[in-house]
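Dear colleague,

Please read them with the coordinates open beside you.

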Amino acid sequence: MEQKMIDSIVSAIHTKMPEYIKTLSDLVSIPSISFDNFDQKYVLESAEAVKQLFLDAGLTNVQFLLPPSGRPSVYGESLTSPDKPTVLLYAHHDVQPPMREALWNTKPFEASHQGDRLYGRGTADDKAGIVTHLAALEQVRAWKKNDGPNLKFLIEGEEESGSAGFEVILKKNAELLKCDAVIVADLGNFAKGTPSITTTLRGMSAVNVELKATKAPLHSGSWSGPIPDPGQVLCRMIASLTDGKGNILIPNFEDTLVPPTEAELASYKSLGMTEKIFRNDGGILESVKLKVPEDEILLSLWRRPSIVVTAIEVGNRTNAGNVLQNSAYARIGIRLAPGMNADVATQQLVEFLQAQVPYGLQCSITTEDGANPFVTDTAHPFFKKMSESMANAYGAETKFIGCGASIPGAELFRNTFGDIPILLTGLEDPECNAHGENESLYLPDFEHGIVAETLFFGGICE
Ligand SMILES: [Zn+2]
């Protein structure tokens with residue numbers, strides 16, 4: 001591609017950035033938290049807002065695709081010619097809860113521009129994805145007239161709560177959504193200014209464990225001693241999942257792991273991850289030692305499973321008195337590495353925990369819907385095109401990276417459309433704090449991301 005052409009696209013997008021930031025800020029102002037204990041009317045409101053953006057952009061066939069939960073995915077299309085490739089553009093309009101509001105420096109649902117970042121829930125994850133797709137559509141239309149690719153937009157409404165109905169949506173609308181490639185703009189860059197395409201994702205699953213010993217809490221002075229304490233028993237059960245070094249002790253848990261290729265290992269190495277950077281990005285306390293050596297940090301994050309206790313409850317802190325609690329609860333999450341299967345791993349975890357229950361305590365374990373890990377083959381020419389487009393947009397070499405988190409949609413796209421390229425891009429970076437407090441988007445990369453997608457659209461039609 002001619003440098004002059006790239007320059008003119010870069011400058012056209014630069015001029016429009018204030019407008020794109022405004023569109024993003026409007027979306028951020030809607031608290032579209034897709035968790036049942038939050039008011040779901042806002043998810044509907046954000047779906048309506050996305051629908052309006054689609055109509056304003058002149059998309060056709062605009063409609064809600066409804067999962068059983070009623071949290072709408074929004075669909076729209078811009079079709080040019082059957083001779084051109086068709087790309088399905090994915091992002092999601094729902095968000096995580098703000099978590100501890102007191103820790104936010106700005107209002108979570110009021111986008112706030114500070115320095116080179118835009119703060120607010122959903123700025124990076126994933127409302128920037130929606131605006132990137134729409135902006136790139138506008139730009140490629142101006143550039144290619146009506147000669148760009150066919151673009152289909154699919155903006156999900158319940159990604160953060162686990163995409164429970166997304167498979168139903170894809171299956172029911174497989175013909176409508178049919179495409180030659182998918183861009184999932186819900187991932188991120190290895191570092192700000194480093195364009196990255198994610199080629200593996202970890203999967204996830206979780207179980208909820210409840211242990212009961214007595215019918216009601218008891219005075220600990222009068223009763224403790226002979227009766228097993230559910231809190232301690234649960235802690236022992238959890239501790240039995242790993243050895244002192246953090247290795248998982250569930251039998252056969254890692255038997256099917258797919259190891260990284262030589263090329264992937266080389267790419268990971270080229271990223272220059274150091275313990276210092278990792279510690280700094282994660283806010284890890286100085287005295288805390290890592291469980292793996294420096295050269296295994298990325299492998300551990302991207303290619304190995306992990307187990308995390310995400311909640312634990314025995315009585316509660318405010319009412320902590322001298323009580324022998326009758327029950328204890330924990331939610332145990334697992335991250336699955338490429339090669340593992342969510343159903344199999346969850347079942348292994350359940351069986352292992354059940355086998356650890358002593359004293360005949362009543363133990364009930366419920367499982368949550370899991371997501372399988374994902375691996376993509378980068379041989380398709382679209383990967384090269386995207387890699388070049390990103391490099392031109394960012395002015396830096398594009399990296400193939402892994403991701404420790406899960407995007408259930410990636411695997412579902414694969415199951416629905418077969419072996420088409422699924423390009424995992426996005427605008428998160430190590431500082432964006434998606435899912436935490438003070439989520440933010442690095443605005444220079446927001447701009448780079450729009451340029452990259454525009455160049456990609458033009459590039460695949462040449
Ligand atoms: Zn997301």
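Glutamate 167 and lysine 171 are four residues apart in helix H4 (residues 166-172), and so about one helical turn separates them. Helices (H or I, at least four residues) and strands (E, at least two) are DSSP runs, numbered from the N terminus. This is a predicted model, in which local features need pLDDT of at least 70 and side-chain atom pairs count only at pLDDT 80 or more, while totals for chains, interfaces and linings use all residues. Residues are numbered from 1 along each chain as its sequence is written, and side-chain values use heavy atoms, with hydrogens and water left out.

Glutamate 167 forms a salt bridge with lysine 171, their closest N and O atoms being 3.4 Å apart, where a salt bridge is a side-chain nitrogen of Lys or Arg within 4 Å of a carboxyl oxygen of Asp or Glu. Glutamate 167 is partly exposed at 36% relative accessibility, whereas lysine 171 is exposed at 62%; buried means under 20% relative accessible area, exposed over 50%, and partly exposed in between (1.4 Å probe, protein chains only).

The structure holds 18 salt bridges. In one of them, lysine 84 pairs with aspartate 147, with the closest N and O atoms 3.7 Å apart. Lysine 84 lies in the loop between strand E2 (73-78) and E3, and aspartate 147 in the loop between H3 and E6, so the pair ties together parts that are 63 residues apart in sequence. Lysine 84 is buried, with a relative accessible area of 18%, while aspartate 147 is partly exposed at 41%.

Arginine 121 forms a salt bridge with glutamate 439, the closest N and O atoms being 2.8 Å apart. Because arginine 121 sits in the loop between strand E5 (117-119) and H3, and glutamate 439 in the loop between strand E17 (422-425) and strand E18 (440-442), this pair ties together parts that are 318 residues apart in sequence. Arginine 121 is buried at 1% relative accessibility, and glutamate 439 is buried with a relative accessible area of 1%. Elsewhere, Arg117, Lys192, Asp429 and Glu431 are linked in a network of salt bridges.

Leaving aside neighbours within four places in sequence, aspartate 126 is in contact (heavy atoms within 4.5 Å) with Ala91, His92, Ala185 and Asp186. A polar atom of the aspartate 126 side chain lies 3.0 Å from the backbone nitrogen of histidine 92.

Finally, helix H13 (residues 408-417) is mostly covered, since seven of its ten residues are buried, and glycine 418, which follows H13, has a positive phi near 75°.

With best wishes

Definitions and conventions: A polar contact is a pair of N or O atoms within 3.5 Å; within protein, one must be able to donate a hydrogen and the other to accept it, and residues adjacent in sequence count only if both atoms are side-chain atoms.
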